[in-house]
Amino acid sequence: MAADARNPLTATDPDAREPGPPGARAAPATDPHGGEAGPAGTPPADSADTAARPAPGLAGGATAAARPAPEPVLLADAAAAHDVPQRLTAHGCWYPSMDPGGRNVAFICDRTGVPQLWTGPVDGEEARLLDADPDPVTEVSWSPDGRWIAYTTAPGGGELTRVLCVRPDGTGRRLLAGGEPGASAYLGCWTHDGSAIAVTLTEPAPAGRTRTGHDGQAVDLPEPAHSGGWAGRDGRAVLLGGSPLGAPTERDTAVIQGAGAAPSREPGPRALAAYLVDPEGATAPVLVASEAGAPTLRVCGLSRDGRLALLRRGPRGRREALVVRRRDRAVTCTVRVADGDPWIGGFAPDGRTVWLRSDSGREFAALLAVRLDAGGRRLAQWPVAARPDCDLELLSLHRDGQHAVLSWNVRGVSELEIMKLPAAVPETDGPTALRGAAGPPAGVARGLSLPHEVVTRLAPGPDPDDPVVALSGSRRRPGVWWLPHASALRTPWSSRDEDAVPDAGHAPVQPFPVRPVARDGLALGGWYYRAPGRSPGEAAPCVVYLHGGPEEQERPVLQTLYHELLGRGLDVFAPDVRGSSGYGRSFVDADLGTRRFAAIEDVAACAAHVVVAGLADPRRLAVMGRSYGGYLTMASLVWHPELFRTGVAVCGMSDLTTFFAGTEPWIAESAAHKYGHPEHDRELLRSLSPMSRVDALRVPVLAVHGEHDTNVPVGESRQFVRAARERGLEAELLMLRQEGHDFRRADNRRLFRRSAADWIERHLTSRPA
């Protein structure tokens, strides 16, 4: 297909399309006002959680001096009137944060076509747009004193973010961090008095360059921020410099050494630094911690006396909670914590107990209590709330420090509890404390019923019994619900359930669970969506959709893409292959290294399951997925070339070698643990790469990518499309403007799902001769 401005499936890269007429170009950018791949390691021994030690790679003053502390910069007010045009009848509202009085909520809403910052009362219609800029908003946090709302935005829809603050009335907007070109910043917690907010900054990334792809062709890839000096792969390797994760120490060592102190090692090529920043700019920013070559570093909690800070650090699969003594920035306690939501917990009012969402030494994440001595060192830890067969997915501590809201992931569906945290805590790990007749202290929980299947965010109010939660479900758009004293009240500015899929021409489809079995006997999971009007015994054309991660999980939430496909008469099966979350730590780890081949086989096993069950027509199967699911889509097409009639790969990795060369450094660190080391496991990475088997490709393929994606560079899609075309196959690349790894703008999401559905419908619904 020749390049044509009218054709949205034409890429701008001349190597990724057939020759076209002079001046031919891709589809123009849409109206900007138009919704993590990582590892999973084995829990460390209990002794590794107890010692006071420096965080691995946390460098000295040289790292702290690598970039200046942030200073607030005043911006023009961008609040909009109450009567902002609401282009989307069916919109989403999510990520709520309540004001101290419990009457108003700050939240993210895409009713104008892009996720933006809004506020509204829990029981009134008067929602207000506080920042009308077109940059998507990703996080929101209302200050404890009620004077500020902090939020994170993604300029251009890309992966680099910045932190801003605004008054609740829309005035006083200012940039706190991340305004420099190539820099990035994200939110931490507020101080208890609301005088400052924690902000994590990254150094700017180097400029891009051209690399050689798998086939010897030039591929545009971002310059990697790592130096290439990879450490050994032993399950705890730090690829970006620094000490191995879990390295023991005999004494406390400063996270950031004092002025004039010699650094313990040469600083890494990139650093994260966390500061407490006063939005007013009246006091200087205060450094909390800094780490060279860090994958992540977020301040999740501060003790009320200000002595201790709770940080979350490390790559996925090897997350850690650090207790940091602020006077000398020494790490006094380290505990493994679970993947998933970055808000891992906080301190009790006395600062002597830390409440954590942790899977330390456990198959499933639980609420863990960690007792500290006066210096912040660990004395004891025990589970306060745990379930034998499901994860604690979300944890939010109430402002009084004595209550918590817990959300459990029960086979993909959320169960919510409000818990009174135990007041009596043991001081030691001895028999009296943890092995007495009464056992360790536990909390007292009360369950709450929910009107929809999945909780995505928790926001406690001033009353422990009046939380606000973000809910999604198979029959509704994401919305914010107020739960006063066990009632479930939809906020008036959230979409009504009947507005869920107004363009689909049918009511929302509720999926049913499916439990395939892998070829090696491992039990898998997933959800099956039956197209409206289909008779029960009819074998249907079916799209196997593969989620990202790999540690994500398919959940029964409304997916407009699925309903686009269902409206075309296509069933959708969304399985959880090995490596997915929600089934325990062993299931997440079941695809590490060479076991990735078994995950590729799981796709075929899942397709076979729905065929044998009489749901899917074996002659009309398609495969589709995003991020890791995009990789798995390409892998399935070349490992099982006769199984699927077409595929749609979204932001997927086609060659793991070029992926490592171009991805963000913290993604590389996680990915090496998951897939293999880019130097020591080159042959494994080559054999796992779809590009190494592209000669086996037999069917048409559509690739979709955001132009600003730096997690999985766009070159990964380009080289797979180019290789398919060189082999005489139909292949197209849809490039989405002003998007990164996630597609956030409504116009782009609409273009994506309609283009993908058109492609699959064209190749799938007609029976083969």
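A salt bridge is a side-chain nitrogen of Lys or Arg within 4 Å of a carboxyl oxygen of Asp or Glu. The model used here is predicted: local features need pLDDT of at least 70, side-chain atom pairs count only at pLDDT 80 or more, and totals for chains, interfaces and linings use all residues. Residues are numbered from 1 along each chain as its sequence is written, and side-chain values use heavy atoms, with hydrogens and water left out.

**Exercise 1.** Find where glutamate 417 and arginine 387 lie, and state whether they are buried or exposed.

Solution. Step 1: the side chains of glutamate 417 and arginine 387 form a salt bridge, at 3.2 Å from N to O. Step 2: glutamate 417 is in strand β26 (residues 413-420), while arginine 387 is in the loop between β23 (378-385) and β24 (391-397), 30 residues apart. Strands (E, at least two residues) are DSSP runs, numbered from the N terminus. Step 3: glutamate 417 and arginine 387 are both buried. Buried means under 20% relative accessible area, exposed over 50%, and partly exposed in between (1.4 Å probe, protein chains only).

**Exercise 2.** Describe the open sheet that contains β16 and β19, then follow arginine 298 out of β16.

Solution. Step 1: the sheet has four strands in the order β16-β17-β18-β19, and the pairing is antiparallel. Two strands pair if DSSP finds at least two bridges between them. Step 2: β16 (297-302) and β19 (330-336) are the edge strands, each pairing on one side only. Step 3: β18 (residues 320-325) is joined to β19 by six bridges; leucine 322 has threonine 334 in β19 as its bridge partner. Step 4: arginine 298 forms a salt bridge with glutamate 139, and their closest N and O atoms are 2.9 Å apart. Because arginine 298 lies in β16 and glutamate 139 in β6 (residues 137-142), the pair ties together parts that are 159 residues apart in sequence. Step 5: arginine 298 and glutamate 139 are both buried.

**Exercise 3.** Classify aspartate 617 and arginine 619 by accessibility.

Solution. Step 1: the two residues form a salt bridge, with the closest N and O atoms 3.4 Å apart. Step 2: aspartate 617 has 3% relative accessibility, so it counts as buried. Step 3: arginine 619 has a relative accessible area of 48%, so it is partly exposed.

**Exercise 4.** How many salt bridges are there, and which residues link up with Glu564 in a network?

Solution. Step 1: the count comes to 47 salt bridges. Step 2: Glu564 is linked in a network of salt bridges with Arg568, Arg753, Asp758 and Glu761.
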